[in-house]
Amino acid sequence: MWGCRARDLLCVWEVHLAGFLRKRLLGSNAASRKSNARQCWNCGSAGGVESGDGFFCEHCRALQPPDPTRDYFSLMNCHQSFRVDVMKLQHRYQQLQRLVHPDFFSQKSQTEKQFSEKHSTLVNDAYKTLQAPLSRGLYLLKLRGIEIPEGTDYGTDSQFLVEIMEFNEKLADAQSEAALEEIESAVRAKQKEFTDKVNRAFEQGDLEKAKEILTKMKYFSNIEEKIKLNKSPL
C-alpha cells in the first residue's frame, strides 16, 4: 500500500517538475527574443522594428538600416526555391522601390538618406539575382554553402567542351546579323533546356546535379555575352 502511494506521489512530483521546467524554458525563450529584437536607431524602441516588413519603426516611422540576416528570397517575398513567379517578383520590386527609393528621402535626415540608398541597392541586387535563372540557381546554392568558383569545369565532360568550342567557332565566323541570331536562338534553346533540368534537380534536392547544370549554364551565358558584343558593331 505504501509502495503504491509513494509511486503516486512520485508521478505527481514529476508532472509538477515538468510543468515548472517548461515555464522556465518558455520564459527564457521569450527573454532571448526580446533581447535579440532590433532597436530603433532614432527613438530607441525595441520590437516595433520587427513587425511588418521591418523597414520602418512602428513608433516614430524612421527608416531602419537593412537587416543583414535577411536573404533575397525573404526580402522579395518569395519561397526559397528555384521556381519563382517573375510577375510577382517584379510587382514586389516596384512596391519596395516606392517605399525606399532615395528620391522619397530627399527631405529626411542624413541617416535615413544613407539607409535609403543601401535599401535601394539591396532591392536592385535581389531583383536582378532572382529574376535570371542562372544567378537565382547560383544564389540558392550559395545559401546552402555551395559555390562554383570562376573557371571551374565541374561536371563538364569532353563532349560538352567540344560543343562549347563549336559554338565559339560559329560565333567567330558569323558575318551577318542573321548568323548571329541563329546562334543566339540555339543558345537560348540550350539555356531553356538547362533551366528545366536544374529546376528538377532542386525539386529533388539533388544539389550536386544542380551544381553541374549551373556550371554548364555559365558557359552558355558567356557565349550570350559575346553575342551581345558582336551584335553592336554590325
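Arg188 and Glu184 form a salt bridge, with their closest N and O atoms 3.8 Å apart; the term covers a side-chain nitrogen of Lys or Arg within 4 Å of a carboxyl oxygen of Asp or Glu. Because the two residues are four apart in helix α7, about one helical turn separates Arg188 from Glu184. Helices here are DSSP runs (H or I, at least four residues; strands are E, at least two), numbered from the N terminus. Arg188 is partly exposed at a relative accessible area of 48%, and Glu184 is partly exposed at 22%. Buried means under 20% relative accessible area, exposed over 50%, and partly exposed in between (1.4 Å probe, protein chains only).

The model is predicted: local features need pLDDT of at least 70, side-chain atom pairs count only at pLDDT 80 or more, and totals for chains, interfaces and linings use all residues. Residues are numbered from 1 along each chain as its sequence is written, and side-chain values use heavy atoms, leaving out hydrogens and water.

Helix α7 also holds Lys192 and Asp196, again four residues apart, or about one turn. Their side chains meet in a salt bridge at 2.8 Å, N to O, and Asp196 is partly exposed at 31% relative accessibility. A network of salt bridges links Glu163, Lys190, Glu193 and Lys197. The whole structure has nine salt bridges. One of them joins Arg83 to Glu203, with the closest N and O atoms 3.1 Å apart. This pair links distant parts of the chain, 120 residues apart: Arg83 is in the loop between α2 (72-75) and α3, while Glu203 is in α7 (residues 177-203). Both Arg83 and Glu203 are exposed.

Disulfides are another matter: the whole structure has zero, a disulfide being a pair of cysteine sulfur atoms within 2.5 Å. The cysteine sulfur closest to that of Cys40 is in Cys60, 3.6 Å away, so it is too far for a bond. Cys40 is buried, at 4% relative accessibility.

The axes of α3 (residues 86-100) and α4 come within 10 Å and cross at roughly 175°, so α3 is roughly antiparallel to α4. The residues of this contact divide into seven nonpolar, seven polar and no charged. Contact means heavy atoms within 4.5 Å. Ser120 lies in α4 (residues 110-131) and is buried, with a relative accessible area of 7%. Not counting residues up to four places away in sequence, Ser120 touches Gln97, Val100, His101 and Pro102.

Key: Axes are lines fitted to C-alpha atoms, for helices over the stretch in contact, and angles run from 0 to 180 degrees between N-to-C directions. Angles under 35 degrees count as roughly parallel, over 145 as roughly antiparallel, 65 to 115 as roughly perpendicular and the rest as oblique. Ala, Val, Leu, Ile, Met, Phe, Trp, Tyr, Cys and Pro count as nonpolar, Asp, Glu, Lys and Arg as charged, and the others, Gly among them, as polar.
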